[in-house]
Amino acid sequence: MTSDSLKKAALVTGASSGIGEATVRALAAEGWTVFAVARRAERLAALEAETGAVGIPADISADDDVSRLLARVTEAGGIDTLINIAGGARGADKVGAASTEDWEWMYRVNVLGTMKLTRAFLPMLRAHGEGTVLNLTSTAGLAAYEGGGGYNAAKFAQHALTGALRLEEAENNLRVIEVAPGLVYTEEFALNRLGDRQAADKVYQGVEKPLTADDVADVVRYAVTAPHHVNLDQIVIRPVAQAANHKLIRKG
Ligand SMILES: NC(=O)c1ccc[n+]([C@@H]2O[C@H](COP(=O)([O-])OP(=O)(O)OC[C@H]3O[C@@H](n4cnc5c(N)ncnc54)[C@H](OP(=O)(O)O)[C@@H]3O)[C@@H](O)[C@H]2O)c1
């Protein structure tokens with residue numbers, strides 16, 4: 001089945017802030033039907049009013065929420081594109097001082113959340129005939145760094161599951177894209193990771209032009225609107241000031 005009514009409809013997780021929110025805006029502006037998913041209902045309602053996207057509050061790591069989400073989206077006509085953006089980091093401790101709670105949070109959201117959404121929506125995407133899954137990983141999933149252990153472990157795992165999925169689903173004509181950004185300035189990412197504004201601001205201090213959420217959303221939009229047989233399987237996107245994870249140019 002390659003029904004026109006199912007075309008150009010995406011579910012975007014992480015839609016209440018940062019890259020996910022910018023991606024909802026970018027796809028809604030292209031005329032897509034967009035289901036915007038995150039836990040904070042009030043932020044989704046504002047985005048819904050602004051863009052016409054359908055906000056559905058849900059915790060992607062909770063099985064009941066994922067079932068409810070699948071039912072809502074099915075009832076509303078379905079999707080052909082699943083965009084897993086929800087995730088993030090907690091803490092910057094070295095492995096020897098790791099917080100179990102932080103590591104569990106990172107694994108639960110970045111890895112299990114991506115898996116649960118993907119597992120739930122795969123039958124719909126396969127049935128469509130030209131499905132796409134896009135996972136937002138990170139350059140932290142491609143190279144480890146000191147103090148990155150827990151986030152590295154989660155993003156390496158999300159990167160690995162993305163690779164396995166691409167191999168497993170090619171016969172079902174499913175396109176699987178990975179977008180791995182470096183330093184992106186978003187309001188909440190570093191704040192949630194480090195716990196206070198001062199520490200969060202230091203992450204970006206002196207970096208003249210980090211990536212913005214809109215920069216990444218534009219790349220996501222490009223990748224999912226390219227003709228379906230074009231699979232940008234892994235897109236690494238960094239600001240020019242960050243030539244590698246370990247080389248970040250700060251001025252001043
Ligand atoms: N910022 C960067 O430098 C950077 C670089 C590379 C990769 N990334 C990755 O890009 C993605 C987005 O990052 P961002 O910078 O836009 O961060 P952000 O602003 O903190 O966004 C994270 C989003 O995930 C949602 N979320 C978290 N836990 C959830 C859960 N259990 N269920 C549903 N939604 C959940 C949050 O919404 P609620 O709190 O409302 O649920 C929020 O919308 C993440 O996967 C991050 O790891 C970020």
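**How the helices pack**

A: Let's start with the residues that touch: D63, V66, L69, L70, V73 and T74 in α3 meet K116, L117, R119, A120, F121 and M124 in α4. Sorted by class, this contact has 8 nonpolar, 1 polar and 3 charged residues. Please keep in mind that you are looking at a predicted model.

Now step back from the side chains. Two packed helices are described by the angle between their axes and the distance between the axes. Helix α3 covers residues 63-75, and its axis comes within 10 Å of the axis of α4, crossing at roughly 30 degrees. Angles under 35 degrees count as roughly parallel, so α3 is roughly parallel to α4. The crossing of α3 past α4 is right-handed.

Helix α4 has another partner. Running over residues 100-128, α4 comes within 8 Å of helix α5 (residues 149-169), axis to axis, and the two cross at roughly 15 degrees. α4 and α5 are therefore roughly parallel to each other as well. Here too, α4 makes a right-handed crossing, this time with α5. On the α4 side, the contact is made by W103, M106, Y107, N110, V111, T114, T118, L122 and R126. The α5 side brings G149, G150, Y151, A153, A154, K155, A157, Q158, L161, L165 and E169. What classes do these residues fall into? The contact of α4 with α5 has 11 nonpolar, 6 polar and 3 charged residues.

Another pair is α1 (residues 18-29) with α2 (residues 41-51), whose axes come within 10 Å and cross at roughly 20 degrees. That angle makes α1 roughly parallel to α2. This crossing of α1 and α2 is right-handed. In the contact, E21, V24, R25 and A28 of α1 meet R43, L47, E50 and T51 of α2. By class, these residues divide into 3 nonpolar, 1 polar and 4 charged.

A polar backbone atom of G88 is 3.4 Å from an oxygen atom of the ligand.

Technical notes: Residues numbered from 1 in each chain as written. Predicted model: local features only at pLDDT ≥ 70, side-chain atom pairs only at ≥ 80, totals over all residues. Heavy atoms only, no water. Axes fitted to C-alpha atoms, helices over the stretch in contact; angles between N-to-C directions. Helix = DSSP H or I, 4+ residues; strand = E, 2+ residues; numbered from the N terminus. Parallel < 35°, antiparallel > 145°, perpendicular 65-115°, else oblique. Left-handed = near helix turned anticlockwise from the far one by under 90°. Contact = heavy atoms within 4.5 Å. Nonpolar A, V, L, I, M, F, W, Y, C, P; charged D, E, K, R; others polar. Polar contact = N/O pair within 3.5 Å; in protein donor to acceptor, adjacent residues only side chain to side chain.
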